[in-house]
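Open the model in a viewer and keep the selection tool at hand. The stops below say what to select next and what is there.

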Amino acid sequence: MDNPAESLWHRLCGELEVAMSPASFNGWIKPCLIKSITPISEERVIVEISTPSAYHVRTIEEKYYSHIRGTLDRLTGKKCDVALIVGDSKQPVQQDQYNFTSKNKDDDSSKKVNLFNQQEDESQKHKNDNLNPKYTFETYVVGSPNRLAFAAARSVADNPGVRHNPLFIYGGVGVGKTHLMHAVGHDLVKKGVGKVVYVTSEQFTNDLVSSFRSKMTDAFKKKYRQVGALLIDDVQFFSGKESTQEEFFHTFNELTMKGAQIIMTSDRKPQEITGLEDRLISRFLGGMAVDIGLPDYEMKVAILKQKATEMGTDVEAEAFDLLANTLHTNAREIEGTFVKLSTMASIQGGRLTQDMIQQTMGLPAKTVANVKIRPIKVISTVAKYYDFKNKDLLGSSR
């Protein structure tokens with residue numbers, strides 16, 4: 001008899017191969033495999049799909065998740081929540097799979113799972129190894145695009161669970177959302193608010209799946225509900241995951257009732273996350289929602305100078321100005337570009353100069369003056385800088 005997971009995967013691939021382009025199917029779907037099918041109730045199951053890399057996980061989440069989930073719902077006749085994990089997708093499935101015509105048999109898998117360690121070392125009770133030691137308030141560069149978010153984060157650090165609970169930070173990639181969240185986390189650890197837990201939305205979902213599969217839901221609840229602060233990154237990936245949203249809803253309610261601090265980040269504001277339940281959107285907006293934009297000129301200069309100090313790089317004053325006027329992107333890419341230029345400077349003599357940047361990046365030596373610029377060019381440039389569309393600036397909306 002065919003393994004239920006393998007059989008379902010072959011049927012799913014048959015459906016997706018017809019509906020998708022060959023390049024998309026072969027590149028993103030074919031390398032994956034269903035790892036487990038875990039029943040939650042008579043009407044709902046969690047399907048765990050193993051992928052080759054974290055890049056696969058993110059791409060499938062963003063582009064193909066809804067299609068895969070809808071197809072699985074139709075093929076199984078049940079509500080399917082899809083959990084994407086990184087693993088060796090070519091290895092055969094080792095565990096018992098759920099058969100849609102019979103119930104799971106009891107097993108001792110819970111004895112083999114140590115994701116939720118019941119015996120917590122008292123010395124580690126108020127620590128969190130997931131917090132990045134480099135992401136502190138002291139290393140966070142503040143400017144106009146993130147000033148409000150920074151003030152809200154400091155307020156949370158000073159008054160955890162009292163002001164701005166939850167704190168919801170949103171913005172584009174690389175603008176410093178995670179840095180700010182970790183900075184608050186470090187301060188909360190110092191305050192001794194209790195255990196500070198930082199996870200990504202993907203890890204929260206995977207832990208939930210593991211708790212169902214190993215029958216350790218109580219341990220899952222202990223991990224996420226008996227805390228002083230819960231920090232969750234990229235909550236936009238809760239979209240469409242009904243079981244995850246259900247569990248997070250109850251976790252959220254219990255933590256806020258106890259006065260525990262909740263901080264979340266997302267690439268968009270709560271009401272713009274499609275597939276997110278209204279009751280969660282309402283709770284996300286019940287505290288403080290702040291956005292972080294792309295850095296302006298002054299902030300870019302500050303970021304570059306801080307990075308130069310960290311790396312001990314000697315930089316010509318005009319070089320900071322040139323880079324700040326040239327790099328129209330997020331803080332992460334600005335730092336990445338500076339690291340490359342700094343490395344090259346150290347090889348060629350030690351000092352990063354304006355001429356070296358112009359040669360390396362292929363920039364013109366002089367800026368052409370008296371260029372006529374049409375209004376639409378200004379609108380397009382401003383819209384692109386702030387991650388809007390032209391119609392957003394030209395429309396009646398504020």
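The tour goes from the whole chain to the cores, then to the rings, the charges over rings and one loop.

This is a predicted model, so local features need pLDDT of at least 70 and side-chain atom pairs count only at pLDDT 80 or more, while totals for chains, interfaces and linings use all residues. Residues are numbered from 1 along each chain as its sequence is written, and side-chain values use heavy atoms, with hydrogens and water left out.

**Whole chain**

Helices (H or I, at least four residues) and strands (E, at least two) are DSSP runs, numbered from the N terminus. Of the 398 residues, 46% are buried; buried is under 20% relative accessible area, exposed over 50%, and partly exposed in between, with a 1.4 Å probe and protein chains only. Among contacts (heavy atoms within 4.5 Å) with a separation of 6 or more, 77% join residues 24 or more positions apart.

**The largest nonpolar core**

Select W9, I29, I34, I49, I68 and L72, the residues with the most contacts inside the largest nonpolar core, which has 27 residues. Such a core is a set of buried Ala, Val, Leu, Ile, Met, Phe, Trp, Tyr and Cys residues joined through side-chain atoms within 4.5 Å. At least two of its residues come from each of α1 (4–19), α2 (22–29), β1 (33–39), β2 (44–51), α3 (54–63), α4 (65–76) and β3 (79–86). The largest share, six residues, is supplied by α1.

Now centre on I68. Which residues is I68 in contact with, leaving aside its neighbours within four places in sequence? They are L12, L16, I29, I49, I60 and V82.

Move to F220, F248, F252 and M264, which are included in a second, separate core of 25 residues.

Next, show the aromatic rings. The structure holds 15 aromatic pairs, where rings of Phe, Tyr and Trp (its six-membered ring) pair if their centres lie within 6.5 Å; planes under 30 degrees apart count as stacked, over 60 as edge-to-face and the rest as tilted. Select F248 and F284: the ring centres are 6.1 Å apart and the planes are at 65°, so this pair is edge-to-face. Because F248 lies in helix α9 (residues 242–258) and F284 in helix α10 (residues 278–284), the pair ties together parts 36 residues apart in sequence. F248 is buried, at 0% relative accessible area, and F284 is buried with 0% as well.

F252 counts as buried at 4% relative accessibility.

To see the whole aromatic cluster, select F168, Y170, F204, F220, Y224, F238, F248, F252 and F284.

**Charges over rings**

A charge sits over a ring if NZ of Lys or CZ of Arg is within 6 Å of the ring centre and within 35 degrees of the ring normal. Select R154, which lies over the face of F137 at 4.4 Å from the ring centre. Then select R279, over the face of F249 at 3.9 Å.

**A loop residue**

Finish at Q236, in the loop between β6 (229–233) and α9. Is Q236 buried or exposed? Q236 is buried, with a relative accessible area of 5%. Not counting residues up to four places away in sequence, Q236 touches T265, S266, D267, R268 and I273.
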